[in-house]
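Colleague: Could you take me through how strands and helices are read in a model such as this one?

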Amino acid sequence: MQISNAQFRAIAHGDGPVMVLAGPGSGKTLVIINRIKFLIEERKVRPEEILVITFTKAAAGEMRERFARLMGGKSCRVTFGTFHAVFFQILKYAYHYTAANILRDDQRYQILTELADGQRLEYEDEKEFVQGISGEISLVKNEQIPLEHYYSSSCSEEVFRRIYQGYQDRLKKRGLIDFDDMLVYCYELFDKRPDILAQWQRRFRYILVDEFQDINGLQYQ
């Protein structure tokens, strides 16, 4: 596929941040994989210093495969992954987490159901209520909203805070983290440990984010 002048400008961008605005089917993935190649071959950047973030595991896999084909199968230690995969990798080094520490969906549902039952609430659909509470917990974490300033749409503020705190207490006692905690804990780690932050900044000197417009506040920070 021929690369246009506009695409080449993004591929060959020099130092400093750049945002590429492009519509569906305009070759964003083509630009990203060719930029990686350009950084390695023309700018002499070490592959292990390049981090590529996508929003889904499937997208990360596809981009990795397309990049491998572009490089003719040559092995390159570029890191491809989702926000959660990358952040969990960082937490693994810091706290020695394993897959066993990740909260499963069925565990999350059971915990929230038990906590809701403990509040003796009346609702028409238990599943719908628990899903609503689950979504609100994710919102509070991802947007870093102080719990005392959040007003729940599923129940009273007092009930929501008790469920939220009970949920976090149970996770802590079991040594578990949910997917939102991967972002929260990684941010807190970097905020409290500038030495660890500096290590990862040296490791990943070039960061490429696909679908950047979809990131939330915590991912941006």
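Modeller: We begin with the sheet and then turn to the helices. This is a predicted model, in which local features need pLDDT of at least 70 and side-chain atom pairs count only at pLDDT 80 or more, while totals for chains, interfaces and linings use all residues. Residues are numbered from 1 along each chain as its sequence is written, and side-chain values use heavy atoms, with hydrogens and water left out.

Colleague: In what order do the three strands of the open sheet lie?

Modeller: Strands of a sheet pair through backbone hydrogen bonds, either parallel or antiparallel. Here the order is 2-1-3, with parallel pairing, where two strands pair if DSSP finds at least two bridges between them; strands (E, at least two residues) and helices (H or I, at least four) are DSSP runs numbered from the N terminus. Strand 2 (79–82) and strand 3 (206–209) are at the edges, each with a single partner strand, so one side of each has no neighbour in the sheet.

Colleague: Over how many bridges do strand 1 and strand 3 pair?

Modeller: Strand 1 (residues 50–54) pairs with strand 3 over four bridges, and Val209 in strand 3 is the bridge partner of Ile53.

Colleague: At what angle do the axes of helix 8 and helix 9 cross?

Modeller: Axes are lines fitted to C-alpha atoms, for helices over the stretch in contact (heavy atoms within 4.5 Å), and angles run from 0 to 180 degrees between N-to-C directions. Those of helix 8 (residues 179–192) and helix 9 (residues 194–203) come within 5 Å and cross at roughly 105°, which makes the two helices roughly perpendicular (65 to 115 degrees).

Key
Angles under 35 degrees count as roughly parallel, over 145 as roughly antiparallel, 65 to 115 as roughly perpendicular and the rest as oblique.
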